[in-house]
Amino acid sequence: MQYMWADTLLAVERAHLIRLIIWGGASLLVGSALLTLMRVRGHRSALLDHFGIQTAAWGAIDLVLAARGLHDLELRDLAGATRLDRLLWLNIGLDVGYVLVGLTLLVLGWRLARRMGLVGAGMAVIVQGSALALLDLVLAGQISR
């Protein structure tokens, strides 16, 4: 990691958390709207139900974690910046793991069990893991300049 002024790092980290709040809010809204729409119209679809549940749940978790991070945000010294960098790359690895778990759910649901709920949940986990990986990679690119 190259060196960056602490206030610049703070601004970049704040922007990342705001993007995460926007993503979490959008996910919560879309997941909730999908579930509500399915109930109002009286349609039953295991695929859409599980996709909506996963999307709303991930959105809520993203919102809570990002809001907490934004609340606790402060200037970092070199050790704090190094910890952030290492935690960020750990998160990117976890994001890739989420995508692989989602892919596993999708394949198992489709090929082995023919359960559309698993397929919907797997699709939502793939979307969430991919989006989180993208957000984290953007931050990693910004702090490694």
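Q: In this predicted model, why is Trp-58 called buried?
A: Its relative accessible area is 16%, and buried means under 20%.

Q: What makes Tyr-98 partly exposed rather than buried or exposed?
A: Tyr-98 comes in at 30% relative accessibility. Buried would need under 20% and exposed over 50%, so Tyr-98 lands in between, as partly exposed.

Q: How do you know that Trp-58 and Tyr-98 form an aromatic pair?
A: Look at the ring centres: they're 5.1 Å apart, and the limit for a pair is 6.5 Å. By this rule, the count comes to one aromatic pair.

Q: And why is the pair of Trp-58 and Tyr-98 called edge-to-face?
A: There's 80° between the planes. Anything over 60 degrees counts as edge-to-face, so that's the label the pair gets.

Q: Why does the pair tie together parts that are apart in sequence?
A: Because Trp-58 lies in helix H2 (residues 46-71) while Tyr-98 lies in helix H3 (residues 78-113), the pair links parts that are 40 residues apart in sequence.

Q: How do you know that the charged end of Arg-114 sits over the ring of Trp-110?
A: The charged end is 4.8 Å from the ring centre, and the distance limit is 6 Å. The rule also asks for a position within 35 degrees of the ring normal; Arg-114 is listed as sitting over the ring of Trp-110.

Q: What makes Arg-114 exposed?
A: Exposed means over 50%, and Arg-114 has 53% relative accessibility, so it qualifies. You'll find Arg-114 in the loop between H3 and helix H4 (116-143).

Q: Why does His-16 count as buried?
A: At 7% relative accessibility, His-16 is under the 20% limit, so buried it is. His-16 belongs to helix H1 (residues 6-41).

Q: What makes the link between the side chains of His-16 and Asp-136 a polar contact?
A: The two side chains are joined at 3.5 Å, and a polar contact takes N or O atoms within 3.5 Å. Setting aside residues up to four places away in sequence, His-16 touches Leu-135, Asp-136 and Leu-139.

Q: How do you know that Gly-117 is buried?
A: Its relative accessibility is 10%, and the limit is under 20%, so Gly-117 counts as buried. Gly-117 sits in helix H4, and beyond its neighbours within four places in sequence it contacts Ala-46, Leu-47 and His-50.

Note on methods. Residues numbered from 1 in each chain as written. Predicted model: local features only at pLDDT ≥ 70, side-chain atom pairs only at ≥ 80, totals over all residues. Heavy atoms only, no water. Phe/Tyr/Trp six-rings, centres within 6.5 Å; stacked < 30°, edge-to-face > 60°. Helix = DSSP H or I, 4+ residues; strand = E, 2+ residues; numbered from the N terminus. Buried < 20%, exposed > 50% of the residue type's maximum accessible area, 1.4 Å probe, protein only. Polar contact = N/O pair within 3.5 Å; in protein donor to acceptor, adjacent residues only side chain to side chain. Contact = heavy atoms within 4.5 Å.
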